[in-house]
Amino acid sequence: MANQTVKLDMTPGCLQSAVSVSQYDDGLRSIDFELYKDGAVYNIPSGATVTINGHKPDGNVYSVPCTYSGNVVTVTFTKQMTAVDGFSAAEISIVSGSTRLGSANFKVIVEKSPMSDGAVVSESQIPLIEEAGQHAAEALISRNAAAESAKSAASSAAAASTSASEAKGYNEQALKSSTEAKNYRDQAAGYAGAVSFSFMVDSEGYICLHYKEDTKA
């Protein structure tokens, strides 16, 4: 990997530094920025988010995360940062909690490649915003799936309640029919004569009367 080291002051208005890269560099060129403030070493707060922010000669912008250790920020150039040749301005941005500190601007010089790469189309590159948008979309999908599951569970519970009520009604109807049949049978038993009676409840809950003549009477 091709590396350069550049001293960079965190005080705006200081003498501008300049870095040079080749058009279409992607992932193999890194620059270490040694940070200072008013001439003293500036150590980056632990847990801070560090990015390089800049615009390209065609007006598109980029804000790309960097790695850091102590007072050294390492920037690895992507194909979007080097897609357009020419001069542009950039800065190192440090965000810690609710605070932010930007470095003095520096020049990024993208040297034109002798051969054009038609596959590279210049566009803005802001990975942190893109990642946040992706997480938001995933959260929305999860929320919608949870809502559908809750709706399905409620429908199943309602159906189960209806089935239980219907079953209870059928059972009560059967018990009533059985009681009525017993009453009819008891009344028939009071009759003396040549006919014997019996009552039955069919599978649909209807009462059926059966009788037989007593030939010995």
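**Salt bridges, strands and core of a predicted model**

Asp-85 is partly exposed, at 28% relative accessibility. Here, buried means under 20% relative accessible area, exposed means over 50%, and partly exposed lies in between (1.4 Å probe, protein chains only). The structure is a predicted model, in which local features need pLDDT of at least 70 and side-chain atom pairs count only at pLDDT 80 or more, while totals for chains, interfaces and linings use all residues. Residues are numbered from 1 along each chain as its sequence is written, and side-chain values use heavy atoms, with hydrogens and water left out.

Asp-85 takes part in a salt bridge with Lys-112. The closest N and O atoms of this pair are 3.9 Å apart. A salt bridge is defined as a side-chain nitrogen of Lys or Arg within 4 Å of a carboxyl oxygen of Asp or Glu. Asp-85 lies in the loop between S8 and S9, and Lys-112 in the loop between S11 and helix H1 (127-189), so the pair ties together parts that are 27 residues apart in sequence. Lys-112 is exposed, with a relative accessible area of 57%.

The structure holds 4 salt bridges. Another of them joins Asp-25 to Arg-29, with 2.4 Å between the closest N and O atoms. Asp-25 counts as buried, at 14% relative accessibility. Glu-91 and Arg-100 also meet through their side chains in a salt bridge (2.4 Å, N to O). Glu-91 is buried, at 16% relative accessibility. Arg-100 is partly exposed, with a relative accessible area of 49%.

The secondary structure consists of 1 helix and 13 strands. Helices (H or I, at least four residues) and strands (E, at least two) are DSSP runs, numbered from the N terminus. From that end, the order of elements is β-β-β-β-β-β-β-β-β-β-β-α-β-β.

Strand S9 has several pairings. Two strands pair if DSSP finds at least two bridges between them. S5 and S9 run antiparallel and are joined by 6 bridges. Within this pairing, Thr-51 has Ser-93 of S9 as its bridge partner. S9 also pairs with S11 in the antiparallel sense, over 5 bridges. There, Ser-88 stands opposite Val-108 in S11. Strand S10 (residues 99-102) runs antiparallel to S9, with 4 bridges between them. Ser-93 stands opposite Gly-102 in S10. The hairpin of S9 and S10 has 2 residues between the strands, and Gly-97 takes a positive phi near 65° in this hairpin.

The largest nonpolar core has 26 residues. Such a core is a set of buried Ala, Val, Leu, Ile, Met, Phe, Trp, Tyr and Cys residues joined through side-chain atoms within 4.5 Å. Phe-33, Ile-52 and Ile-92 have the most contacts inside this core. Among the elements that give two or more residues to the core are strand S1 (2-9), strand S3 (29-37), strand S5 (49-55), strand S9 (86-96) and strand S11 (106-111). Contact means heavy atoms within 4.5 Å. Leaving aside neighbours within four places in sequence, the contacts of Ile-52 include Tyr-62, Val-64, Val-75, Met-81, Ile-92 and Phe-106.

Of the 217 residues of the protein, 27% count as buried. Among contacts with a separation of 6 or more, 66% join residues 24 or more positions apart. The accessible surface of the protein is about 13900 Å². Carbon and sulfur atoms account for 55% of that surface. Accessible areas come from the Shrake-Rupley method with a 1.4 Å probe; for residues, only the protein chains shown count as cover.
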